[in-house]
Amino acid sequence: MSEYFVHESSYVDDDVVIGEDTKIWYFCHVQKGARIGKKCSFGQNVNVANNVRIGDGVKIQNNVSVYEGVELEDYVFCGPSMVFTNDLTPRAKYPKGPAGYHHTLIRTGASIGANATIVCGHTVGKWAMVAAGAVVTSDVPDHALMMGVPARRKGWVCECGEVLGEDLVCKSCGRRYRETEHGLEEVPAER
């Protein structure tokens with residue numbers, strides 16, 4: 001018995017690693033060389049391209065393609081129909097292949113809303129939240145709330161997903177943060 005689930009309508013190529021308790025639902029394709037962690041969930045019509053790395057606990061909703069050059073760390077959330085790119089100057093007549101791909105990194109815990117676009121070559125920081133329909137054209141700091149076209153920081157979010165006030169204390173879970181050059185970092189609780 002398999003330690004993961006792949007629906008009969010989906011295809012998994014050779015030389016793919018899939019972690020235990022991962023579920024791959026209807027009409028998905030996981031291509032050669034992909035590495036997928038434990039306890040992930042892929043909705044309908046998800047494509048994972050060659051050599052993609054996906055961490056543990058990742059949730060990818062319907063109609064998302066994770067192209068070669070994109071890397072998802074642990075607990076990333078990809079909303080329905082959000083878009084990754086991997087080539088800044090594509091031409092059908094002049095394909096560059098992997099040599100022309102730009103690395104895109106989605107850090108631990110980041111969430112990308114429905115229909116958002118992540119332009120290749122950028123990093124979305126830990127626990128950042130990209131709003132539905134936003135277009136990310138630059139690096140995103142840790143815990144940033146990004147909205148608009150192009151996406152701009154409109155605030156900060158806690159690890160639990162709550163939007164933070166000016167005091168940077170989460171009203172929901174009590175975590176406290178401080179600003180750094182990379183975004184926010186959690187302030188350890190006083191003993």
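A salt bridge is a side-chain nitrogen of Lys or Arg within 4 Å of a carboxyl oxygen of Asp or Glu. This is a predicted model, in which local features need pLDDT of at least 70, side-chain atom pairs count only at pLDDT 80 or more, and totals for chains, interfaces and linings use all residues. Residues are numbered from 1 along each chain as its sequence is written, and side-chain values use heavy atoms, with hydrogens and water left out.

Q: Why is the contact of Arg175 with Glu159 called a salt bridge?
A: The closest N and O atoms of Arg175 and Glu159 are 3.6 Å apart; the limit is 4 Å, so the pair qualifies. Glu159, Arg175 and Glu186 are linked in a network of salt bridges.

Q: What makes Arg175 count as partly exposed?
A: Buried means under 20% relative accessible area, exposed over 50%, and partly exposed in between (1.4 Å probe, protein chains only). Arg175 has a relative accessible area of 25%, so it is partly exposed.

Q: How do you know that Lys96 and Asp87 form a salt bridge?
A: Their closest N and O atoms are 3.1 Å apart, which lies within the limit.

Q: Why is Lys171 called exposed?
A: Lys171 has 66% relative accessibility, so it counts as exposed. Its salt-bridge partner is Asp167, with the closest N and O atoms 3.6 Å apart. Asp167 is partly exposed, with a relative accessible area of 47%.
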